[in-house]
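These are my notebook entries on a structure that I looked up. I set down each question and then what I found.

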Amino acid sequence: MESYIIKKETLDFLKTLSKNNDRDWFNAHKDKYIRSHENMIAFADALLTAMNKHDKIETESGKKSLFRIYKDVRFSKDKTPYSCRWSGGFQRATKKLRGGYYFHIEPGNCFLAGGFWGPEPADLKRIREDIALGYKDWKKMLADKTLIKTFGKMIGEQVGSAPKGYSKDHPAIELLRYKQYILKHEFTEKEVLSPDFVNKVNDGFKKMRPFLNYMSEVLTTDANGEPIV
């Protein structure tokens with residue numbers, strides 16, 4: 001079996017951890033964590049290699065893409081010390097390529113996602129400006145058959161009413177209310193454990209590219225289409 005294929009024991013480790021989320025149990029089963037972690041590093045490395053064939057990723061390695069399993073509980077009501085999921089993210093390289101990719105492996109909750117989780121105020125302002133002026137292009141982009149078949153509807157947090165500076169009657173008000181711009185595709189555990197899962201995730205990210213490229217164009221040009229210096 002290829003090392004990058006996610007193993008059943010990697011998922012099973014998370015299931016058992018969720019029932020024994022304490023340091024004593026974790027330390028007594030550190031060997032299982034290490035094997036599972038190494039499996040996920042191999043998966044992330046293989047995914048990164050595949051993605052760099054069609055996009056430019058600045059994340060240096062699969063290992064550096066993975067989020068830590070150790071939680072910072074200082075400011076959290078949930079004091080369990082470990083996250084019961086494997087997840088990681090890749091950042092696109094250069095200022096011209098915006099957006100990020102994310103994968104999440106958790107029993108009963110496996111998915112890939114990508115887009116813009118927390119645009120800075122200036123970026124959010126620019127995105128809304130483009131929506132207001134070019135909402136027909138936005139609707140056309142989001143109505144793409146491949147995008148809808150793969151991801152369904154764009155998701156993300158929204159403001160309760162109209163954002164400041166825009167009328168509630170604006171024809172693009174449903175798009176203007178967004179403050180996150182995310183595409184998501186869910187997987188079954190059977191898919192996660194399949195030999196071609198890395199290819200499925202890579203293909204999902206590849207199908208996200210038109211959306212990310214459109215957003216990159218918006219965020220690197222002004223309202224007149226001129227490059228932002």
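**Entry 1: Val 192**

In which helix is Val 192 found? I looked it up in the model, which is a predicted one, and I found Val 192 in helix H8, made of residues 189-192.

Next I looked up the surroundings of Val 192. With neighbours within four places in sequence left aside, Val 192 is in contact with Ile 6, Leu 11, Ile 105, Cys 110, Phe 187 and Phe 197. I also looked up the separation of Val 192 from Asp 123. These two residues are 69 residues apart along the chain, and 34 Å separates their C-alpha atoms.

**Entry 2: H3 with H9**

I turned to helix H3, residues 30-51, and helix H9, residues 197-219. At what angle do H3 and H9 pack? I noted an angle of about 45 degrees, and the axes are 10 Å apart. H3 and H9 are therefore oblique to each other. I recorded their crossing as right-handed.

Which residues meet here? On the H3 side I listed Phe 43, Ala 46, Leu 47, Ala 50 and Met 51; on the H9 side, Phe 197, Val 198, Val 201, Asn 202 and Phe 205. By class, the residues of this contact of H3 with H9 are nine nonpolar and one polar, with no charged residue. Phe 197 was already in my first entry, as a contact of Val 192.

**Entry 3: H5 with H9**

Helix H9 also packs with helix H5, residues 121-142. I noted an angle of about 135 degrees for H5 and H9, with axes 10 Å apart. H5 and H9 are therefore oblique to each other, and their crossing is right-handed.

From H5, I listed Asp 123, Arg 126, Ile 127, Asp 130, Gly 134, Asp 137, Trp 138, Met 141 and Leu 142. They meet Phe 211, Tyr 214, Met 215, Val 218 and Leu 219 in H9. How many residues of each class are in the contact of H5 with H9? I recorded nine nonpolar, one polar and four charged.

**Entry 4: H1 with H3**

I returned to H3 and looked up its packing with helix H1, residues 8-19. The angle is about 125 degrees, and the axes are 9 Å apart. An angle of that value makes H1 oblique to H3. I recorded the crossing of H1 and H3 as left-handed.

H1 contributes Glu 9, Thr 10 and Phe 13, while H3 contributes Lys 32, Tyr 33, Arg 35, Ser 36, Asn 39 and Met 40. I counted the classes for H1 with H3 as three nonpolar, three polar and three charged.

I then examined Ser 36 of H3 by itself. Is Ser 36 buried or exposed? It is buried, because its relative accessible area is 1%. Beyond its neighbours within four places in sequence, Ser 36 is in contact with Glu 9, Thr 10, Phe 13 and Trp 86.

**Entry 5: Salt bridges**

How many salt bridges does a search of the whole structure find? The search finds 16. As background, I noted that side chains of opposite charge can pair when their charged atoms come close. I then examined some of the pairs.

Asp 31 forms a salt bridge with Arg 35, and their closest N and O atoms are 3.6 Å apart. Asp 31 and Arg 35 are four residues apart in H3, so about one helical turn separates them. Asp 31 is partly exposed at a relative accessible area of 42%, and Arg 35 is partly exposed at 38%. I also noted a network of salt bridges that links Glu 9, Asp 31 and Arg 35.

Lys 207 and Asp 203 form a salt bridge of 3.1 Å from N to O. Both lie in H9, four residues apart, about one turn of the helix. I recorded 34% relative accessibility for Lys 207, which counts as partly exposed, and a relative accessible area of 34% for Asp 203, also partly exposed.

Where do the partners Arg 92 and Asp 55 lie? Their side chains meet in a salt bridge of 2.9 Å, N to O. The pair links distant parts of the chain, 37 residues apart: Arg 92 is in the loop between strand S1 (86-91) and strand S2 (100-105), and Asp 55 is in the loop between H3 and helix H4 (62-65). I recorded both Arg 92 and Asp 55 as buried.

Technical notes. Residues numbered from 1 in each chain as written. Predicted model: local features only at pLDDT ≥ 70, side-chain atom pairs only at ≥ 80, totals over all residues. Heavy atoms only, no water. Axes fitted to C-alpha atoms, helices over the stretch in contact; angles between N-to-C directions. Helix = DSSP H or I, 4+ residues; strand = E, 2+ residues; numbered from the N terminus. Parallel < 35°, antiparallel > 145°, perpendicular 65-115°, else oblique. Left-handed = near helix turned anticlockwise from the far one by under 90°. Contact = heavy atoms within 4.5 Å. Nonpolar A, V, L, I, M, F, W, Y, C, P; charged D, E, K, R; others polar. Salt bridge = Lys/Arg side-chain N within 4 Å of Asp/Glu carboxyl O. Buried < 20%, exposed > 50% of the residue type's maximum accessible area, 1.4 Å probe, protein only.
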